[in-house]
Amino acid sequence: MKEYLLLLRGGKPMASKTEEESKAEMQAWGVYMGNLGQNGQLVGGLPLEPAGTVVAAKGTSNEPVTSSTEGIVCGYLIVKAEGIEQASEIAKDCPHITNEGNIEVREIAPMPAM
């Protein structure tokens with residue numbers, strides 16, 4: 001099996017939801033993550049804070065990246081899958097999709113020998 005990074009972008013902020021909506025979303029996440037764990041597909045993943053630092057050759061910025069049409073990266077998952085198709089199917093079941101978000105699926109490349 002290979003490892004894939006699922007970058008969670010966009011979506012409705014938790015603060016904009018009712019208590020019932022937040023509770024339902026957290027339950028959906030619990031089921032989703034539990035299923036990945038039981039299937040041996042979950043490597044790890046966490047939500048990300050919206051603020052951060054962007055470091056580039058031209059300088060450093062503490063502003064969140066908001067110019068992307070897909071939305072800022074708000075979390076990530078690392079999963080195991082047989083191929084990109086299976087990793088994409090795993091992403092389709094993620095509660096983030098029903099939260100008006102989208103998920104970029106990328107294979108994690110092995111480091112070349114030095």
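This is a predicted model: local features need pLDDT of at least 70, side-chain atom pairs count only at pLDDT 80 or more; totals for chains, interfaces and linings use all residues.
Close-up 1. Buried here means under 20% relative accessible area, exposed means over 50%, and partly exposed lies in between, with a 1.4 Å probe and protein chains only. Helices (H or I, at least four residues) and strands (E, at least two) are DSSP runs numbered from the N terminus, residues are numbered from 1 along each chain as its sequence is written, and side-chain values use heavy atoms, with hydrogens and water left out.

**Close-up 2. The largest nonpolar core.** A nonpolar core is a set of buried Ala, Val, Leu, Ile, Met, Phe, Trp, Tyr and Cys residues joined through side-chain atoms within 4.5 Å, and the largest one in this model has 15 residues. Those with the most contacts inside this core are Tyr4, Leu6, Tyr32, Val79, Ile90, Ile103 and Val105. At least two residues of the core come from each of strand 1, helix 1, strand 5, helix 2 and strand 6. When residues up to four places away in sequence are not counted, Val79 touches Lys2, Glu3, Tyr4, Leu6, Leu36, Gln41, Val43 and Ile90.

Close-up 3. The 20 residues of helix 1 should span 28 Å at 1.5 Å a residue, and the end C-alpha atoms of the helix are 28 Å apart, which agrees; the expected span is 1.5 Å times one less than the number of residues. Ser22, Glu25, Trp29, Tyr32 and Leu36 are the buried residues of helix 1, and they line one face of the helix because, seen down its axis, they fall within an arc of 90°. The face turned away from this buried side carries the exposed residues Glu19, Glu20, Lys23, Gln27, Val31 and Gln38. Packing from the buried residues of helix 1 is against strand 1, strand 2 (42-47), strand 5 and helix 2. Helix 1 is followed by Gly40, whose phi is positive, near 70°.

**Close-up 4. Glu25 and its salt bridge with Lys17.** Glu25 has its place in helix 1, and at 14% relative accessibility this residue counts as buried. The side chains of Glu25 and Lys17 meet in a salt bridge at 2.0 Å, N to O, a salt bridge being a side-chain nitrogen of Lys or Arg within 4 Å of a carboxyl oxygen of Asp or Glu. Lys17 is also buried, with a relative accessible area of 13%. Not counting residues up to four places away in sequence, Glu25 touches Met14, Lys17 and Asn99.

**Close-up 5. Salt bridges that involve strand 6.** By the rule given above, the count comes to five salt bridges. One of them joins Glu107 and Lys2, with the closest N and O atoms 3.8 Å apart, and this pair links distant parts of the chain, since Glu107 lies in strand 6 and Lys2 in strand 1, 105 residues apart. Glu107 counts as partly exposed at 41% relative accessibility, and Lys2 is partly exposed with a relative accessible area of 41%. In another pair, the side chains of Arg106 and Glu104 meet at 2.9 Å, N to O; salt bridges that share partners join Arg9, Glu104 and Arg106 into one network.

**Close-up 6. Cys74 and Cys94.** A search of the whole structure finds zero disulfides, a disulfide being a pair of cysteine sulfur atoms within 2.5 Å. The sulfur of Cys74 is 9.2 Å from the closest cysteine sulfur, which belongs to Cys94, and this is too far for a bond. Cys74 counts as partly exposed at 23% relative accessibility, whereas Cys94 is buried, with a relative accessible area of 2%.

Technical notes: Contact means heavy atoms within 4.5 Å. The arc is that of the directions from the helix axis to the C-beta atoms.
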